[in-house]
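Biologist: I've just opened this one and I'm new to it. Can you walk me through it?

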Amino acid sequence: MLSFTLAFSVSPTAAQEPLARTPNAAQDRPDAGKMSVPSPPADANLPQVEPIILDKELNSSVPQLDARDDPELDKPLESIEEFERRLAKQKPGVGLEQGGPMPTASVSKTVEPQPPVQIGDAPVLDAELEAPLPPIDQFEVRPVQFAQEAVQEDKEATVSYRLELQGLDQADKETDADLEDEFRSLSALRKGGGKAANTAMIRARLTEDGQLLETILASEGWYSPIIRPRLEPPRDKDKTMTAVILVAPGKRYAFSDIVIKADPTVPPGLIADNLALKVGEPIIAERVQGAEAQVAVALPENGYPFATLGDHDVLLDPDTGQGVYTLPVTVGPRGRFDGFTTDGDLAFNADHIPVLARFKRGDLYDSRKVDDLRKALVATNLFKAISVAPVRSGEAVGDGTEYVTLNVHQEAGPPRTIAGSVGYAAGQGLTAEATWTHRNLFPPEGALIAHITAGTQQQGLGAIFRRSNAGKRDRTLEVTTEAFHNKYDAYSAYTGRLAARISRDSTPLWQKKYTYAYGVELLATGETDYNAATGTRDRHTYYIAGVNGQVGFDTTDDLLNPTKGYRLTALIQPEATLNKGFDPYLRARFDASTYYPVSGNLVLAGRIRLGTIQGVELFDIAPSRRLYAGGGGSVRGYAYQALGEQAPDGKPVGGRSLNEASFEARYRFGNYGVVAFVDAGQAYRETVPQFNDLRYGVGLGGRFYTNFGPVRLDVATPIDRRPGESRINIYVSIGQAF
């Protein structure tokens with residue numbers, strides 16, 4: 001059996017690297033790169049080797065030198081001085097060129113030094129040579145371009161080629177991955193578009209694609225493929241060459257055994273149960289990565305915050321096509337939650353962090369609860385960066401576990417925000433609102449919000465104190481004081497309001513399935529109301545006190561732009577009005593909406609609303625506390641609060657019950673969308689909705705989708721329009737109609 005060390009990595013923009021690679025055995029030896037020839041021991045018995053040629057034959061083949069043939073051979077060598085004198089007597093010109101010996105000496109004589117010759121400046125014929133040098137920051141390097149190079153750059157690639165891939169379909173049949181599609185998406189030959197400057201470039205791309213195929217096949221378990229790239233000459237008149245890659249995948253390696261090297265865990269099979277690899281399945285890089293990632297997630301979810309996975313090994317047997325997988329795991333101590341520490345630029349101290357945590361000291365460590373805490377910290381909107389990390393405390397619990405401290409590193413963000421909004425609706429006119437918010441003026445999470453409203457029919461100002469996570473996770477305390485003036489067709493009111501509310505609300509960042517709210521409210525308001533005796537609208541003063549409670553259930557996927565799920569909301573408001581007597585009554589409202597995705601771009605949405613006021617006569621209720629229908633959030637196609645019983649002056653007086661329904665078809669393309677809708681509804685003097693005399697409105701809308709919700713523009717018209725009703729009504733706001 002052969003032993004291989006395996007390693008792999010995955011890049012999201014390239015084919016997966018092979019799970020296994022064959023190492024060079026020479027690189028693993030300590031003497032790699034060195035070579036030595038050892039001498040045999042002295043007593044070694046060496047084998048007898050027959051000589052190639054005998055000495056006698058060698059000597060007989062070498063010619064003998066005889067001095068009698070050349071008397072110069074026996075003469076003694078002349079001295080160097082004599083040799084130099086003889087060379088000096090030779091005629092000039094005799095040298096190497098004429099076959100004579102090279103002179104090695106010459107007669108020297110003394111030469112008198114001559115004074116240097118002064119050469120004058122050459123005349124400057126180019127004015128650029130006398131021009132001053134430009135500053136270094138303005139100097140431009142202009143490369144010299146020869147005419148031949150310019151012509152070559154203008155030429156298009158003159159070598160065309162096509163790609164033929166043969167044999168990969170055999171591997172494609174054995175895997176769920178589309179290997180050929182993956183290859184073609186990354187192929188250098190494909191990216192070249194069938195054009196190259198020369199054949200050398202095509203061959204380079206062929207080599208690169210061959211290596212790419214090896215990587216792709218290895219990522220799916222084929223570690224010994226045979227890949228033969230070749231370039232074939234043109235087959236037809238268009239002179240197109242053919243780049244052919246022949247693939248023989250070979251054996252697909254599979255796991256023969258899975259070995260985990262780790263200390264015991266609680267429960268005992270924690271690692272093995274989460275390592276989703278089985279004996280007999282192919283060695284696929286992606287599956288190995290996913291299985292190891294699952295183990296890395298499961299350990300800290302079950303009490304092991306400091307567990308780490310080592311590098312795996314796989315022993316491959318080329319004869320059988322099998323591999324033994326080994327994974328080393330350092331489990332570390334099993335832990336339980338302890339306390340908190342915090343550092344960095346603080347928005348609040350460590351005492352407030354336990355309020356956000358959904359665990360207590362002594363609970364078994366679970367990384368999912370740590371992630372939940374991190375999300376809650378992000379949802380405060382107080383940080384530009386936040387991190388939560390476990391730290392060993394070294395304190396033993398006594399049951400084989402130890403306490404783990406969580407360190408929260410804070411980087412507080414800017415606490416102040418200025419925001420503005422503009423809207424328009426028929427019957428409400430143009431409205432602009434500006435807000436100033438300090439999210440942490442009263443730490444921890446104590447915000448102050450000042451707002452001002454200016455519009456054609458609404459004006460007001462106020463302040464809100466809001467304490468988020470007030471003593472409990474997701475609980476909000478709000479105290480509001482405001483004064484405003486509203487002038488509508490139904491009434492005109494100058495109102496002062498003081499309210500307190502405790503709630504568990506959804507936000508765009510932290511949408512919740514269950515919500516609730518309860519609170520108290522005090523109002524002092526002067527409002528105009530129709531006087532049947534005089535036929536005029538007289539102003540009356542009302543003092544109103546009440547409590548309220550609301551519950552909600554939400555399964556939708558988005559707070560401002562839902563595409564699936566449904567919502568249910570119920571509101572109850574027991575109130576009492578002081579105006580020429582004490583009049584208690586009960587206001588109640590029920591809303592339901594649902595959303596169904598027909599396709600990725602088309603969503604069907606519908607809603608209903610029912611409302612009632614019990615226990616009081618209509619004109620004993622302040623006009624602003626009555627029920628109305630009509631407007632952008634009610635029945636589009638009609639002005640705000642325009643439906644219901646009308647006074648003789650043609651203006652609405654409100655009612656004690658209402659019913660509404662809407663249906664929309666929402667189609668989205670990119671960041672834009674169109675909506676077709678139909679609305680229906682009516683308000684009644686009776687305390688129970690009558691479901692008769694329904695008024696309908698139809699229209700079209702446009703949507704521009706942003707990261708804070710869609711911007712809505714709706715245009716609607718009433719069906720069976722009556723005198724005094726507008727033919728076209730326009731509504732502009734943020735968020736869907738429902």
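Biologist: How many aromatic pairs does the structure hold?
Modeller: There are 17 aromatic pairs, where a pair means Phe, Tyr or Trp rings (for Trp the six-membered ring) with centres within 6.5 Å; planes under 30 degrees apart are stacked, over 60 edge-to-face, and the rest tilted. This is a predicted model, so local features need pLDDT of at least 70 and side-chain atom pairs 80 or more, while totals for chains, interfaces and linings use all residues. Residues are numbered from 1 along each chain as its sequence is written, and side-chain values use heavy atoms, leaving out hydrogens and water.

Biologist: What kind of pair do Tyr223 and Tyr253 form?
Modeller: Edge-to-face, 5.6 Å centre to centre with 75° between the planes. Tyr223 is in the loop between H8 and S3, and Tyr253 is in the loop between S4 and strand S5 (254-261), 30 residues apart. Helices (H or I, at least four residues) and strands (E, at least two) are DSSP runs numbered from the N terminus.

Biologist: Is Tyr253 buried or exposed?
Modeller: Tyr253 is buried because its relative accessible area is 4%. Buried is under 20%, exposed over 50%, and partly exposed in between, with a 1.4 Å probe and protein chains only. Tyr223 is buried too, at 17%.

Biologist: And what about Tyr672 and Phe704, which kind of pair is that?
Modeller: Tilted, at 5.4 Å and 45°. Tyr672 is in strand S24 and Phe704 in strand S25 (residues 695-706). Tyr672 counts as partly exposed because its relative accessible area is 47%, and Phe704 is partly exposed at 36%.

Biologist: Switching topic: which residues touch the most other members of the largest nonpolar core?
Modeller: Phe183, Leu189, Ile202, Leu213, Leu217 and Ile245, out of 24 residues. Such a core is a set of buried Ala, Val, Leu, Ile, Met, Phe, Trp, Tyr and Cys residues joined through side-chain atoms within 4.5 Å.

Biologist: Which elements supply at least two residues each?
Modeller: Among them are strand S1 (159-166), helix H6 (179-186) and helix H8 (199-219). H8 gives the most, with six residues.

Biologist: What is Ile202 in contact with, beyond four places in sequence?
Modeller: Its contacts (heavy atoms within 4.5 Å) include Val159, Tyr161, Leu189 and Met241.

Biologist: How many residues are in the second core?
Modeller: That separate core has 21 residues, including Ala347 and Leu356.
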